[in-house]
Amino acid sequence: MSQFFGIIIAAALVNNVVLVQLLGVSALFSYSNNLRNAIELAWMSGSIMFASAVINLLVGRWLLAPLQLEFLQLILFVVVSASLAQLLLSQLAPRLPHSFRRLGLEFYLISGNSAIVGLSLLNMTSVRSIPDSITYSLGAAIGFGLLLVMFAALRERLETADIPAPLRGAPIHLISAGIVAMCLLGFAGLV
Amino acid sequence: MSSTNFLHLPRQQLRRRKIFGGIKPAPHKAASLRSRIMPMPLPPQLILPINQYHGTNSSPLVKVGDAVLKYQALTEKLDHTGAALHAPTSGRITAICSAPIAGHPDNAALCIHLQCDGDDNSLELQPCLNHDQLTGFEVLRKIDAAGIVGMGGAGFPTAHKLRLAIEHGTELLIINAAECEPYISTDEALLRERAREVVIGAELLRTACHAPRCVIAIEEDKPAAIAALRSALAHSPIELMLLHSTYPTGGEKQIVQAVTGLEVPVGQYPLNLGILLHNAGTAYAVYQAVAEGKPSISRIITLTGRALQTPKNFEALIGTPVAFLLKLCGVQEQHHLTTVMGGSLMGLQLAHTEAPVTKTTNCLIAATVEDFPQPEPELACIRCGFCAEVCPARLLPQQLYSFARTHNHTQLQSYGLDDCIECGACAYVCPSNIPLVQYYVAAKQELRTLSVAREQSEHWQTRFQFHQYRTKQEKDSARERRIPTALSPVELLPTDSSPITSVQFSRQLAQQEIADAVARANAKRSSRLATDTQMPQHPAKDKE
Amino acid sequence: MITMPLVDNFFINILFAIAALIGIALSIRSSLVFWYSSSNQQKTLIDQINALLPQTQCGQCSFEGCLPYARAIARGGAINQCPPGGEATIIRLAHLLNDYPEPLNSAHGSIEPTKIAFIREAECIGCTKCIQACPVDAIIGGAKLMHTVIASECTGCDLCVAPCPVDCIDMLALPAQNPWQWQLPTELQSTAAARR
């Protein structure tokens with residue numbers, strides 16, 4: 001049991017997929033105005049990430065590896081993530097009207113982003129067993145969602161901060177992302 | 001009846017507590033307490049606002065040109081929000097018109113202008129020497145007739161408050177003599193000299209509301225007043241409680257907490273807990289009304305500030321212009337920068353000194369630049385959190401500030417902006433000199449405007465839905481008549497069969513037609529105005 | 001599977017496990033609230049949008065009333081078509097829908113101060129055409145009888161002006177309501193700066 005929690009913590013915080021491993025950083029700046037929309041986005045992206053990572057893991061370990069078709073992994077993972085994103089989001093879209101409206105087509109792109117493909121590739125190269133890898137994907141998805149929510153709250157705070165004019169908007173968000181990444185480095189060695 | 005039962009703590013003293021947060025500013029009260037309360041000479045003219053404050057309802061009983069005697073009733077109340085007004089001195093009514101007064105939303109209100117004749121002829125009073133044998137109902141009636149309102153600053157009619165207390169059931173009466181705000185010393189001066197009368201007034205209030213227990217709560221940094229109170233309370237069942245001298249202990253919810261330890265829940269009043277509060281000045285007015293038969297025509301006002309040569313407390317007549325009082329204290333115009341009505345933390349800056357003193361004015365500060373120096377420029381919030389430490393309502397001023405700046409109305413409401421008592425403690429401690437209370441007052445006004453607009457649009461929506469219902473009903477009675485909701489299929493919405501939709505549908509195409517019609521109507525109107533002198537006025541213009 | 005403790009100390013593991021369980025329980029509870037209400041979300045979104053619209057039922061947005069426009073917005077329509085709502089409504093709709101606020105679409109009108117209708121009774125012929133046109137029944141009167149507008153109910157939609165055969169309806173501006181307006185200190189500074 002503790003190994004389960006240990007892997008979740010490791011994936012969510014210590015080796016956070018966005019800020020420590022620096023995959024899919026674009027998802028951080030899918031500007032959601034407020035916390036409620038960010039929570040919706042986090043749910044969506046998290047579930048897609050977990051689902052795609054698990055499917056890609058199983059496909060990769062049980063299909064590609066025995067048939068020695070590892071060179072197809074990148075294309076396969078992209079196709080699987082994108083179609084899964086399309087499928088899941090068309091089901092989820094009526095339940096999440098706030099996000100769907102704003103993003104439109106980007107809705108699908110943002111949710112099926114490079115962090116998912118990166119996570120699937122990482123799972124392929126790791127020596128973890130399948131249950132451990134599934135746990136790792138769950139942790140990564142939780143970490144990703146957590147980060148989206150955290151950044152939305154940060155943006156709400158930054159709205160009223162007294163920021164010098166040249167730094168307003170994207171520059172201060174990038175600087176904040178860097179500082180939060182440094183903070184996450186503090187988790188190193190936890191697990 | 002509420003469940004808090006103070007009867008079961010018989011002679012045990014209620015323990016004093018600390019309020020949340022609070023600040024300890026310098027009191028600045030010594031200057032005005034150097035002398036006794038002075039009576040006021042008669043001013044040449046008195047300006048008496050008919051309504052206590054915006055939204056109350058009284059109507060004048062006198063006309064322009066009437067001669068009135070002192071204590072004569074000038075207005076009568078139309079409902080429980082109003083209070084009767086009595087002539088503070090004899091004279092003649094010269095006008096009943098709009099005059100500038102302080103603190104009114106429109107900065108002007110309907111006032112009775114009374115020219116004083118200097119004779120001070122009064123009506124026959126009916127004092128009551130056996131006031132301790134009166135029943136509660138008789139006391140209430142006398143208070144009602146005297147037009148007493150809360151003298152602490154709120155101005156709520158005392159009789160109505162007592163009626164509500166009797167209905168709900170009161171267990172504890174607290175006489176609020178805390179007077180925590182700097183510069184104000186009216187209650188202290190009153191208690192120093194007339195403690196016996198205040199105690200009698202408190203007894204009368206207790207009779208009126210049938211409260212089993214009564215406490216006079218005063219801050220501990222007023223030794224002379226406390227000594228006078230102790231000797232006045234020697235043979236009285238009323239208890240005395242000394243409170244920590246913190247600002248804002250004197251606030252309604254804060255003093256309930258300091259005296260009883262109970263917190264008044266959000267959206268409720270101390271009456272919901274069975275606790276009735278009255279100001280010490282109100283208790284004195286009750287004594288005057290019942291025992292001496294005098295209606296509410298004067299009150300103690302502190303005149304202070306470095307621009308005055310002789311700051312003191314006056315027993316001033318209601319309606320005295322502020323300028324008259326300032327001159328009596330020897331105001332030095334070359335140093336006089338601003339006049340503030342109220343204390344230094346919650347007072348209102350007066351635009352001019354022609355405004356009259358009302359029943360709720362407790363202090364006038366004629367300030368120099370040393371009293372109130374130029375405020376330093378507002379800097380960025382450094383998120384130090386001092387404001388949250390001192391907020392007596394346990395709010396988060398920092399958050400409210402950022403939500404007010406971004407006009408985030410949902411968050412403002414969920415962070416409790418409605419519970420802000422606007423005491424100013426947060427702005428007092430802010431190291432960045434941010435005028436926080438201004439933000440909250442502006443945000444509250446925005447929220448109020450929004451809720452008014454929302455109510456209006458809901459009302460219009462209901463009327464529109466009824467209109468659709470009625471039109472459908474008229475058109476066909478066989479089919480189902482349902483008010484369309486968000487999920488109704490499109491067919492149930494009004495179709496071309498109803499005449500209104502033919503106009504509405506064509507709005508887009510008929511934009512030009514509508515514009516032409518408006519232009520024609522305007523042209524007709526201006527031609528009529530040129531020829532016809534009997535043009536009826538717009539009905540809304542008659543509202544003043 | 002080898003179970004490694006997270007930390008060597010047994011009690012801290014237990015503490016950690018309790019904290020994790022509480023965290024999971026709380027997040028499940030709040031997500032239950034979220035999913036429970038999401039089945040009503042479609043309906044409440046339209047109602048939420050409708051609550052932000054001014055309900056003047058004027059039709060300037062090219063829909064037959066405010067509720068149809070709210071439905072259109074929920075289906076993806078533009079949010080900048082309501083002149084009586086003004087800038088404030090566009091901003092609030094943008095905030096609700098996670099969208100970008102845009103300036104008012106001038107094809108649908110321009111932002112004007114609120115007006116209410118006034119019938120010049122001397123010229124009214126009692127034809128009841130304006131009564132039929134008013135979406136909120138703010139005009140009272142009968143056939144061949146005097147018509148008059150109830151000022152407190154009029155929304156200023158000016159749908160009554162066109163049907164009137166004798167053009168006796170004026171749209172007059174409301175008298176100033178409450179001149180005492182507190183402004184946020186930042187706005188005061190910027191207006192002062194602009195004046196300088």
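In this predicted model, helix H1 of chain C gives the most to the lining of the second largest pocket, with nine residues. Chain A also takes part. The lining counts 29 residues in total. Nearest the pocket centre lie Trp43(A) and Ile142(A), together with Gly23(C), Ile24(C) and Ser27(C). By class, 20 lining residues are nonpolar, eight are polar and one is charged. The space within the second largest pocket comes to about 1,300 Å³.

The interface of chain A with chain B was examined next. The size of an interface is often given as the accessible area lost when the parts come together. Chain A and chain B bury about 560 Å² between them. Carbon and sulfur atoms carry 45% of that area. On the chain A side, Arg157(A), Thr160(A) and Asp162(A) supply 77% of the area buried against chain B, more than any other three residues. The chain A residues that touch chain B divide into four charged, one polar and one nonpolar. In terms of contacts, six residues of chain A meet eight residues of chain B. Zero salt bridges were counted between chain A and chain B. One residue pair is in polar contact across this interface, with both residues at pLDDT 80 or more.

Over all chains, the structure holds 22 salt bridges. One of them joins Arg194(B) to Glu315(B). The closest N and O atoms of this pair are 3.1 Å apart.

Two backbone features of chain B complete the description. The peptide bond from Tyr247(B) to Pro248(B) is cis, with omega near 0 degrees. Pro248(B) lies in the loop between strand S11 (239-243) and helix H5 (252-260) of chain B. Tyr71(B) has phi near 75 degrees, a positive value in a residue other than glycine. Tyr71(B) is likewise a loop residue, placed between strand S4 (67-68) and strand S5 (73-77) of chain B.

Key: Residues numbered from 1 in each chain as written. Chains lettered and ligands numbered in written order. Predicted model: local features only at pLDDT ≥ 70, side-chain atom pairs only at ≥ 80, totals over all residues. Heavy atoms only, no water. 1 Å grid on protein atoms, 1.4 Å probe; cavity = no way out; pocket = protein on both sides within 12 Å on 5 of 7 lines; lining within 4 Å. Points joined across faces, edges and corners; volume = space filled by probe spheres on them. Helix = DSSP H or I, 4+ residues; strand = E, 2+ residues; numbered from the N terminus. Nonpolar A, V, L, I, M, F, W, Y, C, P; charged D, E, K, R; others polar. Contact = heavy atoms within 4.5 Å. Buried area = accessible area lost by both parts, 1.4 Å probe. Salt bridge = Lys/Arg side-chain N within 4 Å of Asp/Glu carboxyl O. Polar contact = N/O pair within 3.5 Å; in protein donor to acceptor, adjacent residues only side chain to side chain.
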